[in-house]
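Here's a quick briefing to keep beside you while you turn the model around on screen.

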Amino acid sequence: MAMPSRAELEAAFQRYLQLGAFERNWNAWADLFTEDAYYYEVQYGTFRGREAIRKWITTTMAGVPDMFFPPPKWVVMDQDRVCFCIDNAYPDPKNPSGPPIAFPTFTCLQYRDGLWCAEEDYYDVRASVESRQAFRAAGGNATPPLER
């Protein structure tokens, strides 16, 4: 396995953001992972394989149709890894032009042979739950987190 060029890694990361964070095309986003990918999500646990990731992400994100992701706050790239911080955000139904109801997530990705082979997501689970509850209390549509 050759180390990807910086240009290849940057392009793969931009596609990852475009399909997932910006377009919310979770089926296409899941296709960016290797068949044997490892995915750890602090609230939902560990998923192994592209199809397990697809099943989890499409089901979970269907429960939060208004959640959006602004551009990352920061990004660090080195060799075959990308780490970044991005907000998971809900529009404030009581003040749509105001700041979103949000919590930051720290993500690390590993790239292999043209696809992502690993992802780890870390955030304060309490902040996630509090954001979802605040959004719902303001009139937004968000289901409780799924039980595994």
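A residue counts as buried when its relative accessible area is under 20%. Cys-83, at 18% relative accessibility, therefore makes it into the buried group. Keep in mind that you're looking at a predicted model.

**The chain as a whole**

- The protein chain has four helices and six strands.
- Going along the sequence, the elements come in the pattern α-α-β-β-α-β-β-β-β-α.
- A compact globule of 148 residues would have a radius of gyration near 15 Å, and the protein chain agrees with that at 15 Å.
- Along the principal axes, the C-alpha atoms take up a box of roughly 50 × 30 × 25 Å.
- Burial covers 44% of the 148 residues of the protein chain.
- If you take the contacts between residues at least 6 apart in sequence, 54% of them join residues at least 24 apart.

- Six strands make an open sheet in the order 2-1-6-5-4-3, and the pairing is mixed.
- Which strands stand at the edges? Strand 2 and strand 3 (74-78) do; each has a single partner strand, so one side of each is left without a neighbour in the sheet.
- On average, neighbouring strands of this sheet are turned by 20 degrees against each other, direction ignored.
- Strand 5 and strand 6 (residues 115-122) run antiparallel, with seven bridges joining them.

- Helix 3 (residues 50-62) lies across strand 1, strand 2 and strand 6, and it runs at about 50 degrees to strand 1.
- Helix 4 (residues 125-137) packs on the sheet too, where it touches strand 4 (81-90) and strand 5. The direction of helix 4 makes about 130 degrees with that of strand 5.

**Cysteines**

- How many disulfides are there? The count comes to zero, taking a disulfide as a pair of cysteine sulfur atoms within 2.5 Å.
- Cys-85 is in no disulfide: the nearest cysteine sulfur belongs to Cys-108 and is 11 Å away. A pair has to be within 2.5 Å to count, so that distance rules it out.
- Is Cys-85 buried or exposed? Cys-85 is buried, because its relative accessible area of 11% falls under the 20% cut-off.

**Around Thr-105**

- Look for Thr-105 in strand 5 (residues 101-112).
- Thr-105 has 4% relative accessibility, so it counts as buried.
- What does the side chain of Thr-105 make a polar contact with? The partner is the side chain of Asn-88, at 3.1 Å.
- Leaving aside residues up to four places away in sequence, Thr-105 touches Phe-84, Cys-85, Ile-86, Asn-88, Asp-121, Tyr-122 and Tyr-123.

**Tyr-44**

- Where does Tyr-44 lie? You'll find it in the loop between strand 1 (33-41) and strand 2 (45-48).
- Despite the loop position, Tyr-44 counts as buried, because its relative accessibility is 7%.
- Tyr-44 and Gln-18 are 26 residues apart along the chain, and their C-alpha atoms are separated by 23 Å.

Notes:
Residues are numbered from 1 along each chain as its sequence is written. This is a predicted model: local features need pLDDT of at least 70, side-chain atom pairs count only at pLDDT 80 or more; totals for chains, interfaces and linings use all residues. Side-chain values use heavy atoms; hydrogens and water are left out. Helices (H or I, at least four residues) and strands (E, at least two) are DSSP runs, numbered from the N terminus. Buried means under 20% relative accessible area, exposed over 50%, partly exposed in between (1.4 Å probe, protein chains only). A polar contact is a pair of N or O atoms within 3.5 Å; within protein, one must be able to donate a hydrogen and the other to accept it, and residues adjacent in sequence count only if both atoms are side-chain atoms. Contact means heavy atoms within 4.5 Å. Two strands pair if DSSP finds at least two bridges between them. Axes are lines fitted to C-alpha atoms, for helices over the stretch in contact, and angles run from 0 to 180 degrees between N-to-C directions. The radius of gyration is taken over C-alpha atoms; the globule rule is 2.2 Å times the number of residues to the power 0.38.
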